[in-house]
Amino acid sequence: MPDTARYRKIDLHSHSTRSDGKLSPTALVDLAVEQNVSLFALTDHDTIDGVAEASLRSAEHGLSFIHGVELSTQWNGIPLHMVALNFSLDNSALLSIVKGNQAIRLDRARRIADLLIKQGLPDLFDEAIALAGESQLGRPHFAQLLIEKGVVKDANKAFDRYLGNKKLGQIRDVWPDLEAVLGALSGHNMELVLAHPKRYPLTVSKLKRLLGDFKRWGGTGMEVASGNERPDSVRLLERLSREFGLKASAGSDYHGPFGPWMQVGKFTQIHESEVDLVWQTWP
Ligand code: AMP
Ligand code: MN
Ligand code: MN
Ligand code: MN
């Protein structure tokens, strides 16, 4: 394998206005090009609605573009995110999971609104739907409404006080099981990557159990860097990537121009020669 596949600027995790990102798919691709990214994936939460637009724009720029989506799942009651990459847009197994998760989002939003009502807030359901518009309805929309209404001063507070996993109780356990999602998608000619493994409430030994399950159930990769992760976390994840035979992926998880040095194409440096890369053979 020539070294040209290595050391190019990639980003395999990003969000547009089709989920909870701030930029349209077109504007996001333009920014990726401006940031000298040469291999890019759009991975909106539970939707591939932005992929065709981003793909078209990428072609105009000559940017290598990979179809992606970030799927919501759960493992032992813990909500987990999985990034599917490099699939065909007419893959019916994937479309069926995406459709199912979209229905869950709507149902969950009703339950979140009810939970907020119980805490003395007005019914935000209709406003959340209106605010989401064409994008996948999610907790960030509720967070924005709580800010606009002066209930909290920023999104962090909204998650701390009302929307975080700890606050959601049973509304946390709505997503399809990881085993079922991997079972439905493995063997369907796509990469199945565990997103940001350090962002879950897991000890290292529990994380290893998760990675064992992930691999056994058909997962093919794991992110070893996600945004501004600590370098020692990246080191640990690189080791685990080798130990569990899960190919390394990486991305900014860009949502918009906010947060600590969040930028398209930017994530903590990884040691590309020490792991198998998910994008090794991609054009
Ligand atoms: P959902 O997909 O509806 O479960 O919402 C989860 C999304 O909320 C994540 O993808 C993040 O973009 C965002 N999020 C999670 N925690 C926070 C936080 N503490 N502050 C701001 N946004 C957050
Ligand atoms: Mn998000
Ligand atoms: Mn995520
Ligand atoms: Mn993400």
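This is a predicted model: local features need pLDDT of at least 70, side-chain atom pairs count only at pLDDT 80 or more; totals for chains, interfaces and linings use all residues.
A polar contact is taken here as a pair of N or O atoms within 3.5 Å. Asn 156 places a polar side-chain atom 3.0 Å from a nitrogen atom of ligand 1, and His 255 places one 3.0 Å from an oxygen atom of ligand 1. Taken alone, ligand 1 exposes 500 Å², of which the protein buries 73%.

The shell around ligand 1 includes Asp 20, His 45, Arg 105, Arg 139 and Phe 159, and its residues divide into 3 nonpolar, 4 polar and 4 charged. Helix 3 (92–118), helix 5 (139–148) and helix 6 (155–163) are the elements that give two or more residues to this shell, with helix 6 giving the most, 3 residues. Because both domain 1 (4–98 + 178–274) and domain 2 (100–171) give residues to the shell, ligand 1 lies between them.

Asp 20 lies in the loop between strand 1 (10–11) and helix 1 (25–34), whereas His 45 lies in the loop between strand 2 (39–42) and helix 2 (51–61), so the pair ties together parts that are 25 residues apart in sequence. Both Asp 20 and His 45 are buried. The manganese ion (ligand 3) is 5.7 Å from the manganese ion (ligand 2).

How values were computed
Residues are numbered from 1 along each chain as its sequence is written. Chains are lettered from A and ligands numbered from 1 in the order in which they are written. Side-chain values use heavy atoms; hydrogens and water are left out. A residue is near a molecule or strand if one of its heavy atoms lies within 4 Å of it. A polar contact is a pair of N or O atoms within 3.5 Å; within protein, one must be able to donate a hydrogen and the other to accept it, and residues adjacent in sequence count only if both atoms are side-chain atoms. Accessible areas come from the Shrake-Rupley method with a 1.4 Å probe; for residues, only the protein chains shown count as cover. Helices (H or I, at least four residues) and strands (E, at least two) are DSSP runs, numbered from the N terminus. Ala, Val, Leu, Ile, Met, Phe, Trp, Tyr, Cys and Pro count as nonpolar, Asp, Glu, Lys and Arg as charged, and the others, Gly among them, as polar. Domain bounds come from an automatic or database domain assignment. Donors are N, O and S atoms within 2.8 Å of the metal (3.2 Å for Na, K and Ca); water is not among the atoms, so sites may look incomplete. Buried means under 20% relative accessible area, exposed over 50%, partly exposed in between (1.4 Å probe, protein chains only).
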